[in-house]
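Colleague: I am new to this structure and would like to learn how to read its features one at a time. Could we take a few of them together?

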Amino acid sequence: MHFGRNEIDITNFDHHLPADSVRTLRVFENAEPVGDFEAFVGAPKWGYKNWIGSLYPKGTKDADFLRNYARYFNTVELGATFYQPQPRERIAAWKEMVQDIPDFKFCPKFPQSITHIRRFRNVEEQTNEFYTNISVFGKHLGPLFLQLADNFSPKSFPELRSYLSSLPSDAPLYIEVRNKSWFAAEEHRNSLFNLLSDLNIGAVISDTAGRRDCLHMELTVPHAFIRFVNCGDERTDLLRLDEWVKRLKAWKQTGLRSLYFFIHAGDAPSLSLYDYLIDSLNRELSLKIQIPGQSLK
């Protein structure tokens, strides 16, 4: 994901996170005590060829990338379901590759045929197919991720409301909005996040340096789904991750129940940002997530 990475003036960039919204504070006020906190950190995909020789053994074939990826990460943002329908047989094969890792989660993205092409109109068949196919993941199915098109504005709110209201409630769902109009007027912002709160649907928080309006800090459920896009300046990225660790520590102490954190770092990502984040989370939040780079030593 390159969203918001271009035309960034790092010299004047404010890496700090905004304050929590009133809705976020209210979510924690109403949160009920639960058991263990769950945290998942991963990448947008497993098919990075530059990881061959480091994360993946030399000579690893494409078909074996997922098997190796799941040895080091506990979740993946599954964009393959966005670009084209994934048949049950393929999903079953992916599930088979992680069968010995009981806590591994796939987070499938809603098909673009639903969200970007048909824009929620007459999509009953595509929606049923999507839910039927991803059910094959079984215990390895994580939250679902629905991204609105960049030009999907508040003018189409009725269609969004109708569609979200029709979806099954048994699978956790998170929504990402990108059109600036959702954040430009308080009326539109409230309509969106109040709807998600009412439907018990989460809001994706996108932390990308060029679109700080998407860093809305609105939690509509006591769970966090964060998409972090590197800005290309390592020092700034590490400062941004430090901010997230501090905020997540506070959220966990207040009532956050689970975390899904995905780092988007270009087409040939280094493991350094993943290692840094996981090490910091383990230390500050008392977690025991595997650190990919350290596991290789």
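Modeller: Let us begin with helix α6 (residues 124–134), where Gln126, Thr127, Phe130, Tyr131, Asn133 and Ile134 are buried, buried meaning under 20% relative accessible area, exposed over 50% and partly exposed in between, with a 1.4 Å probe and protein chains only. These residues cover an arc of only 165° around the axis, which puts them on the same side of α6; the arc is that of the directions from the helix axis to the C-beta atoms. This is a predicted model, in which local features need pLDDT of at least 70 and side-chain atom pairs count only at pLDDT 80 or more, while totals for chains, interfaces and linings use all residues. Residues are numbered from 1 along each chain as its sequence is written, and side-chain values use heavy atoms, with hydrogens and water left out.

Colleague: Which residues are exposed on the other side of α6, and what covers the buried ones?

Modeller: An α-helix has 3.6 residues a turn, so residues three or four places apart point the same way. Here Glu124 and Glu125 are exposed on the other side of α6, whereas the cover over its buried residues includes α3 (80–83), α4 (88–97), β3 (105–108), α5 (112–117), β4 (144–147) and α7 (157–166). Helices (H or I, at least four residues) and strands (E, at least two) are DSSP runs, numbered from the N terminus.

Colleague: How should I read strand β5, and which of its residues are buried?

Modeller: In a regular strand the side chains alternate between the two faces of the sheet. In β5 (residues 173–176) both faces are covered, with Leu173 and Ile175 buried on one side and Tyr174 and Glu176 buried on the other. Strands β4 and β5 run parallel and are joined by 4 bridges, two strands being paired if DSSP finds at least two bridges between them. Strand β5 also pairs in the parallel sense with β6 (residues 202–203), over 2 bridges, and isoleucine 175 stands opposite alanine 203 in β6.

Colleague: At what angle do the axes of α7 and α9 cross?

Modeller: Two packed helices are described by the angle between their axes and the distance between the axes. The axes of α7 and α9 (residues 186–199) come within 11 Å and cross at roughly 10°. That makes α7 roughly parallel to α9, since angles under 35 degrees count as roughly parallel, over 145 as roughly antiparallel, 65 to 115 as roughly perpendicular and the rest as oblique. Axes are lines fitted to C-alpha atoms, for helices over the stretch in contact, and angles run from 0 to 180 degrees between N-to-C directions.

Key. Contact = heavy atoms within 4.5 Å.
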